[in-house]
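My notes follow in the order I looked things up.

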Amino acid sequence: QVQLVESGGGLVQAGGSLRLSCAASGNIFIINRINVMGWYRQAPGKERELVANCTRGGGTVYADSVKGRFTISRDNAKNTVYLEMNGLKPEDTAVYYCNAYAVVGLRHNYWGQGTQVTVSS
């Protein structure tokens, strides 16, 4: 199995910045076959939504709401994905979850425990 451990959440004022990190550990056979790593978020009373993801080759996808403010990056050697968040807004307040997707025969979808990001106005 694979574990995802997130760090970097916290409380910040509007306009501020935070950097989230997510490191994968565990079954190295599966980890080396993780294609997509990314971040989702879930605000109270809302569904979980994609924030951004990144393929092993460096392709990225962003939610329209974060384009131009957030940057996702990935270090395959460290099995880590990062989310640099700038120009934070109160509506960015949510629990942010790391996600990793691999196909090793079957599809494997892993989630981190979540990290709280709170943006005060």
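Strands here are DSSP runs of E with at least two residues, helices are runs of H or I with at least four residues, and both are numbered from the N terminus. This is a predicted model, so I kept in mind that local features need pLDDT of at least 70 and side-chain atom pairs count only at pLDDT 80 or more, while totals for chains, interfaces and linings use all residues. Residues are numbered from 1 along each chain as its sequence is written, and side-chain values use heavy atoms, with hydrogens and water left out.

**Entry 1: a loop residue**

I went to N79, which lies in the loop between β7 (70-75) and β8 (80-85). Its phi is near 55°, a positive value in a residue other than glycine. Is N79 buried or exposed? With a relative accessible area of 16%, N79 is buried; the cut-offs are under 20% for buried, over 50% for exposed and partly exposed in between, using a 1.4 Å probe and protein chains only.

**Entry 2: the core**

Next I looked up the largest nonpolar core, which has 32 residues. By definition, such a core is a set of buried Ala, Val, Leu, Ile, Met, Phe, Trp, Tyr and Cys residues joined through side-chain atoms within 4.5 Å. L4, M37, W39, L83, M85 and Y96 have the most contacts inside this core. Which strand gives the most to the core? Strand β9 (residues 94-104) does, with 5 residues.

I then listed the neighbours of M37, taking contact as heavy atoms within 4.5 Å. Leaving aside residues within four places in sequence, M37 is in contact with L4, C22, A24, N53, C54, I72, R74, N79, V81, C98, N99 and A100.

**Entry 3: strand pairing**

I followed the strands next; two of them pair if DSSP finds at least two bridges between them. β4 and β9 run antiparallel and are joined by 8 bridges, and I34 has A102 in β9 as its bridge partner. That A102 also stands opposite H108 in β10. β9 and β10 pair in the antiparallel sense over 6 bridges. Their hairpin has 1 residue between the strands, and G105 there takes a positive phi near 75°.

On to β5 (residues 49-55), which runs antiparallel to β4 with 6 bridges between them. Y40 has L50 in β5 as its bridge partner. The hairpin of β4 and β5 has 6 residues between the strands, and G45 in this hairpin has a positive phi near 80°.

β5 also pairs with β6 (residues 60-62), antiparallel over 3 bridges, with C54 standing opposite T60. In that hairpin, which has 4 residues between the strands, G58 takes a positive phi near 105°.

**Entry 4: T115**

β9 and β11 run antiparallel too, joined by 3 bridges, and V95 stands opposite Q116 in β11. I picked T115 in strand β11 (residues 115-120). T115 counts as buried because its relative accessibility is 11%. What does its side chain reach? The side chain of T115 reaches the backbone nitrogen of G9 at 3.3 Å; a polar contact is a pair of N or O atoms within 3.5 Å, where within protein one must be able to donate a hydrogen and the other to accept it, and residues adjacent in sequence count only if both atoms are side-chain atoms. Beyond four places in sequence, T115 is in contact with E6, G9, L20, A94, V95 and Y96.

How many aromatic pairs does the structure hold? I found 1. Y40 and W111 form an edge-to-face pair, 5.0 Å centre to centre with 70° between the planes. Rings of Phe, Tyr and Trp (its six-membered ring) pair if their centres lie within 6.5 Å; planes under 30 degrees apart count as stacked, over 60 as edge-to-face and the rest as tilted. Y40 lies in β4 (residues 34-42) and W111 in β10 (residues 106-111), so the pair ties together parts that are 71 residues apart in sequence. Y40 is partly exposed at 23% relative accessible area, and W111 is partly exposed at 35%.

Last, I checked R48. It lies over the face of W111, at 4.6 Å from the ring centre. The charged end of R48 also sits over the ring of Y97, 3.8 Å from its centre. The rule is that NZ of Lys or CZ of Arg is within 6 Å of the ring centre and within 35 degrees of the ring normal.
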